[in-house]
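Welcome to this short briefing.

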Amino acid sequence: MSTTSDNSRAAPGGGSGIEGDPEVRAEIERRLDVITAPDYVDPARRDFTTVDWLAFAGFLAVCGIAFTVWGY
Amino acid sequence: MIDQASEEFAEQTTRDALFGTVPVVREERVWGFLDFSWVMTGLAIATWAFMIGGDVVYFLGLKAGIAAMVLGNCIGLFFVIISVLMNTKYGLEHFSAIRSVFGRHGIKPLIYILNFLVCIGWTGVLSVMFGRAAVHVINHLAGTEYGGDYFLVGLFGFLALVVSWVVVVKGPVALKWFNRFAAPLLTIVLVIMYYYVFKETSWSEMTAIQPLEPIGVKQVDFMMVVEFSLAGAVSWWPAQGNLSRLATTQRSAAWAALVGLLVVTMIAQTVGFMAALTFQDPDPTAWMIPLAGTVLGIVILLFIAFANITTISVQAYQVCVAMRQEGVKYLSTMRWDVLITIFLGLAVFLLIKPSLIYDHFFQFLYWIGLGYAPPIGMICVDYFIFRRQQLDVRAIFDARRGSPYDFWRGWNIAAYIAFGIGVGTFAALMNPITLWYSAPFPYTSATMASMVVSMVAYFLLTRFWVMRVGKGGYGG
């Protein structure tokens, strides 16, 4: 699971295709350049690992089932 | 009423709306696990948690009621939380991120119709709660016995909307301050309620109390509560989508959401349920004085009333900001005070007969489940199965014809067909107005089934239609 940018390609046909207020468009373009740069590293890009999925789904499943068995 | 400061604030809202859509970068992610847990806790401790807990008293006794609430929340939150992991991953605003599923124009009905109507409903519920709290105080002080539909309830509800209007139009400086104290004070209210509930009634006495209006078939009653608890959980979806983009990691975002939206919510809903059982009344405003005594009860009621103004104001601000950001020109240029007036003005209709929505609050939750569950399911299929957790963030903002997420002129028709199939499934299983249900409902629930059927429909339509015609940027 890479923590770097997933997609650094430019939008097809040249230009960005971003609509709207020029100031906002410039800001979005600037940020897209940052977050799609090949060397951009962000811990938020790290996807759930198998252990994360097991822990997260397992916790909710155990909680739901245990309370149902206890209360129903 | 509109002075220069207000005009400046109105301009600021337009900037907020426009700049609110830009993706956040690493340096702007400020919430680690503990910070985000606190944010989620603040979100979860709201007066409506007492209402959701209170409504369980219609169907179930103590243990089964708690079990059904936990089960519904666990199922709903699982899908809500995983559906917004992409917002954390890419720092994307909620409705921007789901352009990858609905298309850039396809998200507009979700913002301008679905989200708008849901928020008007919440505003109506909270303003009625304000009115009921005020009338309970009057009843107690003046020795009157005004009912829940007495004109004063509507009048005080209207007052809540007017005060909220002033707060949102003038600029929410006072709101910021009140917000800082609201969650801690509501936590204190929670502790006080637990103390007095257990002082009044023991656990074993509470387990012996029967529900108010059960259908009579335990499995159906249980599923009715699972259903509206699940719907209550999915109602977090838009807020969760926007907040989670400021979390530092997907892991911290997910677990912090569980702390706030599951653990803290359950604590608040359970005390509401216990109080409703003890006093045989689902209305939180009816418990406080008998529970905590005259002085403390009135203080709590007044605090609840003002907490509701905070929530209404925050909601009105967020909805109206969202209304300005998605490219409907007359809305983005409309005067801020007019936009707020339209939003809050529509909620006034719900004050004509306050009991209509307030005393059928759980049915309002069923409607939210009906509207939110199918999109949440489809987003999970799209992001985890088809896109394998990879979004083209440039394409999210690319408005050109033929861009990857353009689908059909900005609309993903397949998503709306799957959405419609999900809604049809819900309707075939349950009627949120009459509470009619069909034979499979006690086993499948309506919200859950509509989500699963939408997921399957979306999968098939995308796999065998959208991808074959080269739409959606799935890369063949």
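In which loop is the place of Arg409(B)? It is the loop between helix 21 and helix 22 (413–429) of chain B. Keep in mind as you look around that this is a predicted model. The points below go from two loop arginines to two helix pairs, and then to the contact between the chains.

- Arg409(B) is not a glycine, yet its phi is positive, at about 50°.
- Arg409(B) counts as exposed because it has 12 C-beta neighbours inside 10 Å, and the cut-off for exposed is 12 or fewer.
- Arg388(B) is another residue other than glycine with a positive phi, here near 45°.
- You can find Arg388(B) in the loop between helix 20 (361–386) and helix 21 (393–396) of chain B.
- Arg388(B) has 8 C-beta neighbours inside 10 Å, so it counts as exposed.

**Helix 4 with helix 12 in chain B**

- Helix 4 (residues 62–83) of chain B packs with helix 12 (residues 218–234) of chain B at an angle of about 40°, and their axes are 7 Å apart.
- The crossing of helix 4 of chain B and helix 12 of chain B is right-handed.
- Helix 4 of chain B brings residues including Ala64(B), Gly65(B), Ala68(B) and Gly72(B) to this contact, while those from helix 12 of chain B include Phe222(B), Val225(B) and Leu230(B).
- Sorted by class, the contact of helix 4 of chain B with helix 12 of chain B has 13 nonpolar, five polar and one charged residues.

**Helix 8 with helix 9 in chain B**

- Helix 8 (residues 108–142) of chain B and helix 9 (residues 151–170) of chain B have axes 7 Å apart and pack at an angle of about 125°.
- Because of that angle, helix 8 of chain B is oblique to helix 9 of chain B.
- Helix 8 of chain B and helix 9 of chain B make a right-handed crossing.
- Among the residues in this contact are Phe130(B), Gly131(B) and Arg132(B) of helix 8 of chain B, and Phe156(B) and Gly157(B) of helix 9 of chain B.
- The classes in the contact of helix 8 of chain B with helix 9 of chain B are ten nonpolar, four polar and one charged residues.

**Where chain A meets chain B**

- Chain A gives 38 residues to the contact and chain B gives 37 residues.
- On the side of chain A that touches chain B, helix 1 (22–35) and helix 2 (50–71) of chain A each supply at least two residues.
- Helix 2 of chain A provides the largest share of that side, ten residues.
- By class, the side of chain A that touches chain B has 19 nonpolar, nine polar and ten charged residues.

Note on methods. Residues numbered from 1 in each chain as written. Chains lettered and ligands numbered in written order. Predicted model: local features only at pLDDT ≥ 70, side-chain atom pairs only at ≥ 80, totals over all residues. Axes fitted to C-alpha atoms, helices over the stretch in contact; angles between N-to-C directions. Helix = DSSP H or I, 4+ residues; strand = E, 2+ residues; numbered from the N terminus. Left-handed = near helix turned anticlockwise from the far one by under 90°. Contact = placed C-beta atoms within 7 Å. Nonpolar A, V, L, I, M, F, W, Y, C, P; charged D, E, K, R; others polar. Parallel < 35°, antiparallel > 145°, perpendicular 65-115°, else oblique. Buried ≥ 20, exposed ≤ 12 C-beta atoms within 10 Å, placed from the backbone.
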